[in-house]
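Walk through this chain with the model beside you.

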Amino acid sequence: MIRLHNSLTGEKQELQPIRPGHIGMYVCGMTVYDSLHIGHARMMTVFDIVSRYLRHRGYVVNYVRNITDVDDKIIQRAAQNGESIGALTERVVESINEDCAKLGIARPDHEPRATQHVAGMIAMITTLIEKDYAYVAANGDVMYAVAKFDGYGKLSGKHLADLRAGSRVEVDEFKRDPLDFVLWKHAKPGEPSWESPWGAGRPGWHIECSAMSKELLGTHFDIHGGGMDLKFPHHENEIAQSRAADGDQFANLWIHNGFVNVDNEKMSKSLGNFFSVKDVLPTLRHPEVLRFFFLMSHYRGPINYSLDQLEQADAALRGIYTALRDVPEVPAVATEYTERFHEVMDDDLNTPEAIAVLQRMTREINLAKDTGKERRAAALSAELRSLGKVLGIIALEPEQWFRLAKPGRTAGIASEGVVYGHLTDVTGEPISADIFAGGSAAISGTEELTDADVEGLIAARIAARKAKDFAESDRIRDQLAAAGVIVEDKPGGKSTWRRA
């Protein structure tokens with residue numbers, strides 16, 4: 001039994017699909033005027049997990065995530081760049097798709113664009129006017145009359161009287177109520193527009209999701225999701241529009257993910273404290289580190305973005321890949337670990353507890369390897385990989401992981417061949433965690449060796465050891481360590497290696 005927290009009721013509730021075995025899910029996607037930042041990436045990852053897990057549990061999922069490709073910010077950015085709106089949005093969509101692919105975020109089943117569904121928006125606005133939930137203002141805009149909809153504020157817990165009392169909405173002489181919001185904007189010179197019964201113009205932001213979800217999922221579907229910042233007013237307005245126009249329930253269950261914070265303040269472009277995915281990924285050993293970082297916290301809570309947290313994610317993944325190393329592949333068989341994994345994930349997608357299950361498996365695999373129980377280690381490793389796939393992690397072969405260098409690290413030699421790292425810039429001076437996290441510093445390291453170089457040096461070292469030339473063997477080991485390569489000697493004269 002899968003139980004999910006419903007933002008509409010404030011409680012966990014059993015997932016009861018409208019159509020048995022099928023889930024319709026709509027998630028508010030990106031306004032495509034700029035690159036993906038870490039906050040966006042968390043939202044994308046959360047709903048990728050929702051989709052993956054529901055499919056893993058046997059549901060047929062129809063996942064819709066929209067693209068807002070006409071908006072004030074898009075128009076302004078295109079003008080600033082001196083490019084067309086189409087060129088800007090296509091470039092940004094391609095960039096976002098590249099970032100999502102690196103993070104293992106699967107494409108949704110449908111990615112409707114606002115500009116492709118204007119006819120549906122006009123039809124819905126027409127219905128709202130006919131039902132007296134909307135009106136044409138004197139300036140040519142079409143406004144939604146918030147006071148007409150009984151129950152406005154239920155999702156966000158806000159009351160109309162309180163909203164009016166504390167309203168910071170700009171005075172608009174064309175609105176009947178300061179809380180009314182625009183459904184259709186009259187055309188302005190130089191802006192894109194479409195013909196409508198109210199003259200040339202373009203849709204407001206809120207109406208697009210109501211129209212696109214209706215087109216692709218119907219007037220009543222299972223799950224609606226998005227970031228916590230969309231709960232009010234965007235999702236509140238969607239409910240008002242859709243339920244007033246269609247007289248149906250709209251979405252049964254509302255899921256909202258928490259913010260990504262920097263110094264305990266929400267990451268956002270408006271605050272200027274955001275890190276783009278393109279800046280951050282080059283500072284990590286692999287994009288899986290960022291995905292794992294997201295999974296370390298429950299999706300509904302805030303998560304604090306920091307270098308320490310990324311280091312913890314890297315170390316945790318290293319531990320898992322270490323356990324999987326040198327273990328033969330066998331078919332996966334579910335055990336009590338899979339049962340426990342399902343138990344915690346069924347309880348509102350508790351990914352931190354799911355990771356704890358994987359880490360317990362890791363410890364048992366290591367114990368089995370240490371005590372010569374190869375079959376047990378192999379069986380658990382297969383099960384671990386299978387469960388990791390559900391979360392979109394552990395996608396690499398262990399040797400691939402250990403041959404990945406950790407950017408921003410220069411290596412120093414300590415006793416017994418242990419390598420310690422520190423952060424430096426191109427001059428060799430230490431750099432701050434903030435600069436490292438933002439990916440804005442130029443990073444340099446010691447001599448870089450290709451995988452082929454490393455293999456050649458290890459072969460030479462093995463030959464030196466066989467010839468009892470231990471001075472040469474130690475010299476090669478030091479050379480490798482200086483380049484950030486850690487050599488681990490195994491019984492029988494074999495050696496494995498990994499990058500620091």
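A polar contact is a pair of N or O atoms within 3.5 Å; within protein, one atom must be able to donate a hydrogen and the other to accept it, and residues adjacent in sequence count only if both atoms are side-chain atoms. Helices (H or I, at least four residues) and strands (E, at least two) are DSSP runs, numbered from the N terminus. The model is predicted: local features need pLDDT of at least 70, side-chain atom pairs count only at pLDDT 80 or more, and totals for chains, interfaces and linings use all residues. Residues are numbered from 1 along each chain as its sequence is written, and side-chain values use heavy atoms, with hydrogens and water left out.

Start at helix α2. Asp 71 caps the N-terminal end of α2, with a side-chain oxygen 2.7 Å from the backbone nitrogen of Lys 73. At its other end, α2 is followed by Gly 82, whose phi is positive, near 70°. Buried means under 20% relative accessible area, exposed over 50%, and partly exposed in between (1.4 Å probe, protein chains only). The buried residues of α2 (residues 72-81) are Ile 74, Ile 75 and Ala 78. They cover an arc of only 100° around the axis, which puts them on the same side of α2. The arc is that of the directions from the helix axis to the C-beta atoms. An α-helix has 3.6 residues a turn, so residues three or four places apart point the same way. The cover over the buried residues of α2 includes α3 (85-102) and β8 (201-203); contact here means heavy atoms within 4.5 Å.

Now step back to the whole chain. Its secondary structure comes to 17 helices and 17 strands. Of its 500 residues, 49% count as buried. Among contacts between residues at least 6 apart in sequence, 72% join residues at least 24 apart.

The strands come next. Two strands pair if DSSP finds at least two bridges between them. Asn 6 has Glu 11 in β2 as its bridge partner.

Seven bridges join β9 (residues 220-227) to β10, and Phe 221 stands opposite Ala 251 in β10.

Pro 233 sits in α7, and the peptide bond from Phe 232 to Pro 233 is cis, with omega near 5°.

Which residues have the most contacts inside the largest nonpolar core? They are Ile 38, Tyr 305, Phe 341 and Leu 391, in a core of 83 residues. Helix α1 (residues 38-56) gives the most to this core, with ten residues. Apart from it lies another core, of 39 residues, among them Trp 198, Ala 211, Ala 240 and Ala 244. A nonpolar core is a set of buried Ala, Val, Leu, Ile, Met, Phe, Trp, Tyr and Cys residues joined through side-chain atoms within 4.5 Å.

Look at Phe 149, in the loop between β6 (142-144) and α5 (160-165). Phe 149 is buried, with a relative accessible area of 11%. Its contacts beyond four places in sequence are Tyr 133, Tyr 144, Ile 239, Ala 240, Arg 243 and Ala 244. The C-alpha atoms of Phe 149 and Ala 240 are separated by 6.3 Å, though 91 residues apart along the chain.

Asp 326 has a positive phi of about 60° although it is not a glycine, and Asp 348 has a positive phi near 60°. Asp 326 is exposed, with a relative accessible area of 55%. Asp 348 is buried, at 0%.
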